[in-house]
Amino acid sequence: MAMVTNWMSQTLPSLVGLNGTIISSEGTHERIVSGLYPGSEEGWQVYSTASDPDGRCVCTVVAPARNLCKRDPRSRQLRLLSEQVQNVSQSMEVVDLRTSRDLQYVRDSEPLLRGVDGRLHAYVANPRTLTAKGLQELKGQMSQLRPLLSVVEQYRLDLQTLATLRLELLNLSVILTAIQEEIGAYDYEELQQRVLLLETRLHSCMNKLGCGRLTAVSGPITVRASGSRFGSWMTDAMIPSSDSRVWSMDGYFKGRRVLEYRTMGDFTKGQNFVQHLLPHPWAGTGHVVYNGSLYYNKHQSNILVQYHFRSRSVLLQRSLSGAGYNNTFPYSWGGSSDIDLMADETGLWAVYTTIPNAGNIMVSRLDPRSLDILQSWDTGFPKRSAGEAFMICGTLYVTNSHLAGAKVYFAYHTNSSTYEYTDIPFHNQYSHISMMDYNPRERALYTWNNGHQVLYNVTLFHVIRRCCNLQHTFRHTHTCNGHSC
């Protein structure tokens, strides 16, 4: 079966934490409008299968955001009920504390009350016993008892509060009974656990089907406007990894300052960051973070450097033998972009050119622990004619320009040592891309575009066997109590 997978249509907005908002260079906010993929409210969509001219089964799958079943109306009702129960509980705690406090005050005042009551009875029985001194003492005792009036008034108000709480609890009971009858035998917590389990299995299945050929690039999502015209930004490309940090490296010439943000949300706001000062300056923008280390090209050399962020130290330096540097074989935009390091699902890569291969793009797979070249391919595509390049699933994709109107024009498949010319357009919104890299963890393209940090969704085409079995799986695993999520 041929499967077209629109990976990031749901996850990119949540990844950057923008909730449908982009940040323009002026700092104002605009709504993202794109017809290339559905909005997050649409959830999963599995379209009916059809046959291509070769008789293969073709499906389209749109990847979901996490926990879509939380949008179920009953889920919203239960969350609202939970909040109401919490409010009732808090109110009852307040009443309980106040009642306990006031009751203790009444108990403490009881001897005084009995004394006043006894003296009043004595004066009523024999008025002649009431003296000026006794009257003054009685007034003093009555003054001490005056706060009891506010206590009694509070009791009256608390009775009204308790009556209101009782009515709320009756209403909650009626609503809960109705929801329980609608849900049936399963309680809400059990349903939530089943949904989470199904989503985990479904995402695991999608990850296994992750590799495929690029067929489309979505509209851009602008994450932030910062820095100069040239630069690079990235997250860790290692799979699997729970590292949520984001790194930014402004400029392409002799830079040493790397900004590390705690999360993507912090990066979008420009807050919660630390600075790394590299011991050796970089050249170009072809840097990559892989398994907690930054790999970059050392300025005015073809030396690759591995800098470890946690230890803030250089772990390794190695020359990329024969590779051109210092604008000998850059991309079309220049900028000392002779050596471009990148990562995909299969590992760490270097894209560069040597004089013996006449300026054509070389792609080499590297050992991240030693930076040894494991295998190399001569793509035959002239590097100076390329705008940028990136790897997806062992295939090198090359754009024909860094300016407006650019498209993915060339693909080289390392698994078969074959190439093809492609025609995959994408919107170069700010007209000057100086960095474009694929992140296999997020399945997104990261770009630095004229001082803007931009993400793109990718669509991959994947051919698999046993169409009907897989089709059956996708149709039946992502449901929530009979309702499509």
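**Close-up 1. A salt bridge joins Arg-245 and Glu-260.** In this predicted model, the side chains of Arg-245 and Glu-260 meet at 3.3 Å, N to O. The pair links distant parts of the chain, 15 residues apart. Arg-245 sits in the loop between strand 8 (231-235) and strand 9 (246-250). Glu-260 belongs to strand 10 (residues 253-261). Are the two partners buried or exposed? Both Arg-245 and Glu-260 are buried. Side chains of opposite charge can pair when their charged atoms come close. The count of salt bridges in the model comes to seven.

**Close-up 2. Asp-423 and Lys-407 form a salt bridge.** Their side chains meet at 3.2 Å, N to O. Asp-423 lies in strand 23 and Lys-407 in strand 22 (residues 407-413), so the pair ties together parts that are 16 residues apart in sequence. Asp-423 counts as exposed, at 53% relative accessibility. Lys-407 is partly exposed, with a relative accessible area of 25%.

**Close-up 3. Asp-243, Arg-245 and Glu-260 belong to one network.** Salt bridges that share partners join these residues.

**Close-up 4. Asp-367 and Arg-369 meet in a salt bridge.** The N to O distance is 3.5 Å. How exposed is Arg-369? Its relative accessible area is 72%, so Arg-369 counts as exposed. Asp-367 has 16% relative accessibility, so Asp-367 counts as buried because the cut-off for buried is under 20%.

**Close-up 5. Tyr-409, Tyr-419 and Tyr-421 form a nonpolar patch on the surface.** Together these tyrosines have about 350 Å² of accessible area. Where is Tyr-421 placed? Tyr-421 is in strand 23, which covers residues 418-425. At 52% relative accessibility, Tyr-421 counts as exposed because the cut-off for exposed is over 50%. Strand 23 also holds Asp-423, the salt-bridge partner of Lys-407.

**Close-up 6. Strand 16 (residues 340-344) is largely enclosed by the rest of the structure.** Why is this strand called enclosed? Five of its five residues are buried, so the rest of the structure largely encloses strand 16. Asp-340, Met-342 and Asp-344 point one way from the strand. Leu-341 and Ala-343 point the other way. Residues on both sides are buried.

**Close-up 7. Strand 16 pairs with strand 17 (residues 347-352).** The two strands run antiparallel. How many bridges join them? Five bridges do. A hairpin connects strand 16 to strand 17 through two residues. Asp-344 stands opposite Gly-347 in strand 17. Asp-344 is one of the buried residues of strand 16.

**Close-up 8. Helix 3 (residues 132-145) has 14 residues.** From first C-alpha to last, helix 3 reaches 20 Å. That is close to the 20 Å expected at 1.5 Å a residue. Which residues of helix 3 are buried? They are Gly-134, Leu-138, Gln-141 and Leu-145. These residues cover an arc of only 60° around the axis, which puts them on the same side of helix 3. On the other side, Ala-132, Lys-133, Gln-136 and Lys-139 are exposed.

Notes
Residues are numbered from 1 along each chain as its sequence is written. This is a predicted model: local features need pLDDT of at least 70, side-chain atom pairs count only at pLDDT 80 or more; totals for chains, interfaces and linings use all residues. Side-chain values use heavy atoms; hydrogens and water are left out. Patches are made of residues with over 30% relative accessible area and no salt bridge: like charges are joined within 9 Å, nonpolar side chains (Val, Leu, Ile, Met, Phe, Trp, Tyr) within 5 Å. Accessible areas come from the Shrake-Rupley method with a 1.4 Å probe; for residues, only the protein chains shown count as cover. A salt bridge is a side-chain nitrogen of Lys or Arg within 4 Å of a carboxyl oxygen of Asp or Glu. Helices (H or I, at least four residues) and strands (E, at least two) are DSSP runs, numbered from the N terminus. Buried means under 20% relative accessible area, exposed over 50%, partly exposed in between (1.4 Å probe, protein chains only). Two strands pair if DSSP finds at least two bridges between them. The expected span of a helix is 1.5 Å times one less than its number of residues. The arc is that of the directions from the helix axis to the C-beta atoms.
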